[in-house]
Amino acid sequence: MILVVLENQRGNIHAFSREAVAAGQSLASKLGMELSILCMGENASSLKEQASEYKAKDLILAEHDMINTYSADGYSKVLSDVITDLSPQYVIMGHSYMVRDFLPRVSAKLNLPFVSDIISVTYDGDTPAFARQVFNAKLATNIESDASNNTTLLSFQSAAFSSDDIELGGSDAASVFEVNLNNEDIKSISEPEFQESSSGVDLTTADLIVSVGRGIESEDNIPMVESLAEAMGAEIASSRPVVDMGWLPSYRQIGSSGQAVSPKLYFSVGISGAIQHVVGMKGSKNIIAINKDEEAPIFEIADYAVIGDLMEIVPKLTEELKK
Amino acid sequence: MKIAVLTKAIPSYESSIRIDSTSKWIDEAVVNFVVNESDSYALEEALQIKEKLDNSSEVVVITMGSEDNTSKVLKDGLAKGADRAIFIKNEDSNTDPLTIAKLFADNIKDENFDIIFSGLQSDDLGSGQTGVLIGEMLGMSTATLGIETDIQESKIKVKRELESGWFQWVTLPFPASVSIQSGINEPRYPSLKGIMGAKRKESKVIVGQPGLQKQNFINLFIPKNEKATEKIEGDVDGIVAKLMDVLKNKLRVVS
């Protein structure tokens, strides 16, 4: 059987978890297996309610006072117990920050492989191969879990599957997993999640975005790109390294740890296109990318790939726009 | 306080990445290896903690891989201020996070570190699992994506980054394995004195014996273009003229 584990995100099923349900249903149908869905921990009974339409064999609830707030200790212990009890062939989750935090713990506890951040699945007969990006998205690889493994843990990158493809029809059964936790199982203490005060800049509503990356080389070159944005009437944004170096404030950051945008035009300047950035902007209607490296992965998703030196192109383009 | 920093040599951003004849790995001969970016932040965090606490604390940089690729990484760590280095020699290009973590865990368990810092993920394989796996294997508490730390009496408080601008504080009792997000601090450059002094510091070599992998690369491949991408290249004036045409006439985003 295949087990999909749902994650709570502030009261709702996490968007990545809905995609994981679509992934699980797809794998189950390709491999002729049954699918169960586990609602565990934080907000579990509400998640179960929200998942009641999903077509599955069993909808499982695992609740306990000690996992009402997420902790890597508690979640990894409970999921390990569920896996030991049910022996699923595959355990599937979205590749969220929470999954990165606790699923490796399950992998180590039970000595099970964890193939993380999968972008697609292909099949050689009944054997699935899981593709993931490597070497900063310059290459991808197909991964096979060894046939000797009873269970393989999988996490899918956002948009690897679409939640529009979820098959509805409800689950055949509902069950409760008896959670066993003791005080000594949970060593770490988690505080409530919080959001830092934002600047009021909402990049998600911008029509035009000029976004700058590591290729800008120096803080001194930021005004050059700001001039381009101004000449186009665009908001300025950036990839993570620019924010890490303090060249732009963090609320300008696009990507998994920043904002996700889908403007009419995303004009990317000196951004290589690491996965963490691309997940925040690949929904843009049009993408123009300037990079001097012809092999930059950003070009794989660009409509217009400008291969050249941004230091020369950007000032000239700004000048033309101002005419 | 004994702090380990796991650091990895990875191909630089500028390196050209070519699939080798086995199609399971890359041609390392044409690659320039550098320190993985988030590992530099992990090292800086450890050094700052040591400086804040007392001089009896110890920072140990640890890496694994082939000698050719990794020697720079340990030298860099020692030059920046780490007290000693451990090199786990392993010529196999292991790709299974469990196999890699086990090699680390088996070879450092006797050190009884209070804290293990690692970068949140390596920019080559990018599994982002090593620090957490080792933590579990050694019975430590764990946290990932640390963006701020605060050392307290026999515990560490970590501000974890969550998605889309959300955060969470977690408090972990020692021993703790914490992965560090880039941007947490400003990594220092090695000083000339540091570079000279690094040569006299202890660097221990352990020959690693990797176990069987539970997951394997079948083949590496170049990702397919998802879109009908139009290439624009050539001289600067030609590129700018073409871009103006796209912006004005095709996308109609400027007038």
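**Exercise 1.** Is A:Asn136 buried or exposed?

*Solution.* Start with the count: A:Asn136 has 22 C-beta neighbours inside 10 Å, so it counts as buried. The rule is that a residue is buried if 20 or more other C-beta atoms, placed from the backbone, lie within 10 Å of its own, exposed if 12 or fewer, and partly exposed in between. Next, find the place: A:Asn136 sits in the loop between β8 (127-134) and β9 of chain A. Finally, check the backbone: A:Asn136 is not a glycine, yet its phi is positive, about 55 degrees.

Before going on, note that this is a predicted model, in which local features need pLDDT of at least 70 and side-chain atom pairs count only at pLDDT 80 or more, while totals for chains, interfaces and linings use all residues. Residues are numbered from 1 along each chain as its sequence is written, and chains are lettered from A and ligands numbered from 1 in the order in which they are written.

**Exercise 2.** Describe how α3(A) and α4(A) pack.

*Solution.* Helices (H or I, at least four residues) and strands (E, at least two) are DSSP runs, numbered from the N terminus. First, the geometry: helix α3 (residues 72-86) of chain A meets α4(A) at an angle of about 50 degrees, and their axes are 9 Å apart. Here axes are lines fitted to C-alpha atoms, for helices over the stretch in contact, and angles run from 0 to 180 degrees between N-to-C directions. Second, the name: the two helices are therefore oblique to each other, since angles under 35 degrees count as roughly parallel, over 145 as roughly antiparallel, 65 to 115 as roughly perpendicular and the rest as oblique. Third, the residues: those making the contact include A:Leu79 and A:Ile83 of α3(A) and A:Phe102 and A:Val106 of α4(A).

**Exercise 3.** Which strands pair with β6(B)?

*Solution.* Two strands pair if DSSP finds at least two bridges between them. Strand β1 (residues 2-6) of chain B pairs with β6(B) in the parallel sense over four bridges, and B:Leu6 stands opposite B:Ser118 there. β10(B) pairs with β6(B) in the parallel sense over five bridges, with B:Val178 as the bridge partner of B:Phe117.

Now look at the side chains. In a regular strand they alternate between the two faces of the sheet. From β6(B), B:Ile115, B:Phe117 and B:Gly119 point one way and B:Ile116 and B:Ser118 the other, and all are buried. With five of its five residues buried, strand β6 (residues 115-119) of chain B is largely enclosed by the rest of the structure.

**Exercise 4.** How do chains A and B meet?

*Solution.* Begin with the totals: 71 residues of chain A are in contact with 67 residues of chain B, where contact requires C-beta atoms, placed from the backbone, within 7 Å. Helix α4 (residues 97-110) of chain A supplies the largest share of chain A's side, eight residues. Then look for strands: β9 (residues 139-145) of chain A and β12 (residues 215-221) of chain B pair in the antiparallel sense over six bridges. In this pairing, A:Thr141 stands opposite B:Leu220.

Definitions and conventions:
Contact = placed C-beta atoms within 7 Å.
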